[in-house]
Amino acid sequence: MGRSRSGALLPAFVLAIATAAPASAQSVDAAALSLEDLLEVTVTGAAKYAQKQSEVAAAASVITRDEIKAFGWRTLDEALSSLPGIHTSYDRQYGSIGTRGIGLPGDYLTRVLVAVNGNRINDALYDGGTVGRDFPVDIDLVERIEFIGGPGGAVYGQNAMFGVVNIITRDGASLDGGEAAVAWKSRGNQREARISWGRRLENGVDAMFSVSGLRADGQTLNMAYPGAGPGGSDVAGRVAGQDGERDREFFARVARGAWSAEMASGKRRKDDPTASFFADALADGHYQRDAYSVMQVQYRQSYLNDRLEVLARAFYGRQRYDGIYRYSGVPNLARGESDWHGGELRLLHTGIAGHKLLFGAEWQRNSRIMQSNDDPTTVGIDTLIRGDGRRHGIYFQDEWQFADAWTSVVGLRADRSDVGGSQISPRLGLIWQAAPATTLKMLYGRAHRAPNAYERDYDDAVSQIANPGLDNEIVDTYELIADHRLGNGTSLRASLYRWRLDDIISLTTDAASGLTQYRSGQRIDARGIELSAARHWLSGVRLRGSVSFQDVTQAAGRELENSPRWLGRLNLIYPLPWHGLRLGYEYRFEGRRRTLDGAILDAYSLSHLNLSAEGWIRGMDLSLAVRNLFDRRYRHPGADSNWQDSFTQDGRAVLLKMDYRF
């Protein structure tokens with residue numbers, strides 16, 4: 001009872017502190033924190049060119065590097081879950097996010113597009129984005145995170161159904177020297193280290209290089225495996241030494257003038273205490289390992305007195321997965337590999353009064369898609385599935401200011417792939433600047449995704465059978481957005497939306513064989529509202545919060561799994577009156593969730609605290625974070641490939657971090 005009472009009173013206590021903040025907090029550079037500056041932060045991920053947030057035909061949000069530091073976030077999903085309508089899930093293997101009520105357990109994040117500097121991360125095999133430890137860029141290298149909610153298919157095509165996450169990285173000029181960082185987290189004895197160097201040289205070359213790594217021993221867990229014993233009996237016990245993790249990343253970027261080139265590479269191994277894919281319970285040695293490498297070379301230049309911007313880029317990606325599972329003591333090696341490359345040409349013309357005309361063409365060749373399953377103790381590969389593919393698309397958008405206060409947005413993309421066939425993704429928007437401080441947006445968009453190779457082709461005749469007849473998923477979204485600014489440094493936003501997803505791809509059991517199989521055909525309907533507010537004081541105090549309601553139903557009105565109806569967020573940055581100290585506090589409320597077996601997981605609230613110090617030692621920043629401050633006990637739903645229907649999440653953890661600039 002005492003713990004619950006403290007958690008309920010704390011948000012009110014935080015608001016009280018924030019109200020008194022201007023009188024007690026130290027003075028900081030007001031220009032760096034003014035609301036006007038923050039509202040005019042440009043967004044490039046919505047239309048693939050720079051726009052003010054008020055011009056974007058979507059509910060766009062930006063998370064800055066300063067916020068990442070202030071709250072002590074170490075992964076993208078931690079940062080993204082501070083935004084309206086986003087919730088996280090963790091199954092002790094992968095971190096993932098749900099958006100506007102959809103985040104199916106075990107989903108590969110196929111309905112959200114993730115990009116680094118505009119370069120797609122979603123791979124060619126599972127077609128999934130990454131936002132957890134498997135993301136190939138250290139979060140310390142992120143300059144800002146752009147999240148564009150709703151469908152982005154009119155510009156991006158495949159995957160951009162419920163949002164686009166575009167990561168803008170730091171450059172050499174922003175580093176202007178070397179950086180070293182070390183961190184330690186109490187739970188699992190997690191250690192991190194990073195060393196980076198960057199600079200803009202006298203010859204105009206901007207260069208940055210970074211290497212980072214992580215190692216964790218993991219926790220000793222109490223795990224249950226229902227039905228894993230002889231005759232379907234339950235198995236439970238303590239799992240020691242099976243929750244470890246190793247991760248390493250490399251990032252490089254070189255730019256000069258109109259040219260730039262970059263590479264991001266990451267490799268992660270996560271030991272598996274859950275015995276995924278119904279492997280032997282309590283057996284040692286299970287793990288899953290992922291490796292990603294993405295590269296791009298880009299040319300961007302303006303012509304015709306800056307009325308025509310030309311962007312051309314070539315890209316390459318490589319993804320590797322392997323996992324070891326034991327069945328009746330016999331090891332089983334599962335592998336998945338993909339390689340892809342392609343190019344994009346984009347033209348932005350502003351020479352016609354009142355119009356911003358965007359034309360683009362994109363092509364991608366999936367040169368390698370391979371899935372295999374093998375008993376390494378025997379000769380030959382038990383299951384081997386090879387494939388390849390290609391897709392290409394052309395797109396157009398006209399942002400037309402046809403009156404002083406009115407702008408229309410009309411966009412259309414046509415895609416064709418050897419799997420999904422031909423698809424059309426339109427975008428329509430009407431933006432009314434009702435007053436200097438008030439903007440109204442009326443939006444419609446459609447987006448799609450084709451079934452990925454795992455859903456469509458994987459067939460081992462033991463656990464899963466293929467389904468080459470899967471249909472494309474298509475989502476239609478209608479949205480009304482109102483943004484308003486108050487003169488006292490406050491901004492307000494309300495977003496009312498409705499979406500319908502046709503032919504959702506989900507895992508079911510085939511009646512004839514008794515094996516699992518992906519099938520499509522069901523429809524999901526949703527309606528929701530997101531209310532958010534932010535206030536910024538000249539003293540440096542920043543407060544933002546949101547409440548989201550999302551009602552998502554399947555056929556016959558059945559509630560969708562892992563879809564909390566209510567979400568609440570509160571984020572406070574508070575400079576303390578002692579030199580260099582700053583407090584970052586988060587409060588998060590997550591409504592109840594339904595599991596695949598129909599169980600209801602209780603709602604919960606979490607508090608996270610981060611205390612940072614700058615300038616105590618020349619060139620050094622220190623931070624102390626406490627995650628899950630009140631040691632809440634809560635659970636997330638499991639996937640249909642797990643013994644467990646849900647997973648207990650981590651309790652209180654302490655994180656110490658030191659950054660040194662040289």
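This is a predicted model: local features need pLDDT of at least 70, side-chain atom pairs count only at pLDDT 80 or more; totals for chains, interfaces and linings use all residues.

Colleague: Where does arginine 544 lie?

Modeller: Arginine 544 is part of strand S28 (residues 542-553). Strands (E, at least two residues) and helices (H or I, at least four) are DSSP runs, numbered from the N terminus.

Colleague: Is arginine 544 buried or exposed?

Modeller: Arginine 544 is buried, at a relative accessible area of 19%; buried means under 20%, exposed over 50%, partly exposed in between, with a 1.4 Å probe and protein chains only.

Colleague: And which side chain does it join in a polar contact?

Modeller: That of glutamate 67, at 3.2 Å. A polar contact is a pair of N or O atoms within 3.5 Å; within protein, one must be able to donate a hydrogen and the other to accept it, and residues adjacent in sequence count only if both atoms are side-chain atoms.

Colleague: Switching to strands, how many bridges join S25 to S26?

Modeller: 13, and S25 and strand S26 (residues 490-509) run antiparallel. Two strands pair if DSSP finds at least two bridges between them. S25 and S26 form a hairpin with 3 residues between them, and glycine 489 in the turn has a positive phi of about 85 degrees. Leucine 486 has threonine 490 in S26 as its bridge partner.

Colleague: What joins S25 to S24?

Modeller: 12 bridges, again with antiparallel strands. Histidine 448 is partnered with isoleucine 474 in S25.

Colleague: What about the open sheet, in what order do its strands come?

Modeller: The order is S3-S8-S9-S6-S7, with mixed pairing. S3 (60-64) and S7 (119-120) stand at the edges with a single partner strand each, so one side of each has no neighbour in the sheet.

Colleague: Last topic: how big is the largest cavity?

Modeller: Its volume is about 900 Å³. A cavity is a set of points on a 1 Å grid over the protein atoms alone where a 1.4 Å probe fits but cannot get out, and lining residues have an atom within 4 Å of a point. Grid points are joined across faces, edges and corners, and the volume is the space filled by probe spheres set on the points. Of the 43 lining residues, Thr75, Glu78, Tyr90, Lys185 and Asp650 are the closest to the centre of the largest cavity.

Note on methods. Residues are numbered from 1 along each chain as its sequence is written. Side-chain values use heavy atoms; hydrogens and water are left out. On a 1 Å grid over the protein atoms alone, a cavity is a set of points where a 1.4 Å probe fits but cannot get out, and a pocket is an open set with protein on both sides within 12 Å along at least five of seven lines; lining residues have an atom within 4 Å of a point.
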